[in-house]
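Open your viewer and follow along. Each stop tells you what to select and what is there.

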Amino acid sequence: MKTALRRIGWVCAALLALLLLYQLWIFTLVLWWSHFNPSSTSFMDIRRDELQEKRPNAELRHEWVPYERISIHLKRAVIAAEDDSFIDHEGFDWEGIQRALEKNQRKGRAVAGGSTISQQLAKNLFLSPTRSYFRKAQEAVITVMIEAVWSKRRILEVYLNVVEWGTGIFGCEAAARRYYGVPASRLGADEAAHLAVMLPNPRKYEKQFGPRLAAHAARIRGRMAYAQVP
């Protein structure tokens with residue numbers, strides 16, 4: 001019995017050490033990316049693999065642009081649509097989470113997530129689209145790391161450059177050129193609102209942008225003037 005308990009203890013200690021090493025690896029990347037731009041993300045790798053299962057030579061559309069070359073309209077639109085308290089919170093919008101929980105209870109299913117831009121960025125950089133309690137917990141840990149090390153400006157810059165905007169399309173530059181034939185710096189207010197409301201499900205909305213989504217884009221267009229941008 002003592003031998004079995006000792007082995008269990010060693011296994012638990014080894015697993016804990018591996019978990020801590022994994023967190024250290026993530027934090028090292030967070031520190032590195034505070035000054036250097038990520039060339040790829042977990043989401044990009046997953047989508048590339050999916051595309052290459054059908055077309056071995058398939059590549060993603062992605063081009064990094066610095067913060068100054070991203071339209072102010074897109075910055076405002078994304079904040080208005082995804083995280084209107086972005087400037088003020090420290091990674092988590094507790095009121096938004098509560099509203100999402102209440103909405104999900106009314107609908108009887110998960111229809112709202114309440115995730116902030118910081119949380120979404122943590123997921124995009126390191127995790128996967130699958131849902132689990134472990135993934136949500138890990139997302140929270142990474143969000144704390146990002147908020148502790150990066151400025152809000154850096155968070156928004158990286159988010160806009162790596163977020164998915166359609167099948168094989170990542171980042172605002174690729175999205176602007178794909179949908180409007182212009183660089184991200186030249187996006188107007190209406191175009192920015194259109195792109196912002198696609199973010200919850202971009203691969204669906206690039207094919208089906210109906211009246212309901214258009215009405216949502218119009219609402220976001222009206223709120224953009226009030227969005228605080230870092």
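Colour the protein chain by secondary structure and read along the sequence: the pattern is α-α-β-α-α-α-α-α-β-α-α-α-α. That makes 11 helices and two strands. Bear in mind that this is a predicted model.

Next, show the C-alpha trace alone. Along its principal axes the trace spans about 70 × 45 × 35 Å.

Now select residues 117–126, which form helix α5. Is this helix enclosed or open? Nine of its 10 residues are buried, so α5 is largely enclosed by the rest of the structure. Pick out the buried residues by name. They are Ile117, Ser118, Gln119, Gln120, Leu121, Ala122, Asn124, Leu125 and Phe126. As you turn the view, remember that an α-helix has 3.6 residues a turn, so residues three or four places apart point the same way.

Zoom out to the whole protein chain. Of its 230 residues, 44% count as buried. Then display contacts between residues at least 6 apart in sequence: 71% of these join residues at least 24 apart.

The accessible area of the protein chain comes to about 13,200 Å². Carbon and sulfur atoms account for 56% of that area.

Last stop: the charges. Select the 33 positive and 23 negative ones in the protein chain. How far apart are their mean positions? The distance is 5 Å.

Conventions
Residues are numbered from 1 along each chain as its sequence is written. This is a predicted model: local features need pLDDT of at least 70, side-chain atom pairs count only at pLDDT 80 or more; totals for chains, interfaces and linings use all residues. Side-chain values use heavy atoms; hydrogens and water are left out. Buried means under 20% relative accessible area, exposed over 50%, partly exposed in between (1.4 Å probe, protein chains only). Helices (H or I, at least four residues) and strands (E, at least two) are DSSP runs, numbered from the N terminus. Contact means heavy atoms within 4.5 Å. Accessible areas come from the Shrake-Rupley method with a 1.4 Å probe; for residues, only the protein chains shown count as cover. Lys and Arg count as positive and Asp and Glu as negative; His and the chain ends are not counted. The place of a charge is taken as NZ of Lys, CZ of Arg, CG of Asp or CD of Glu.
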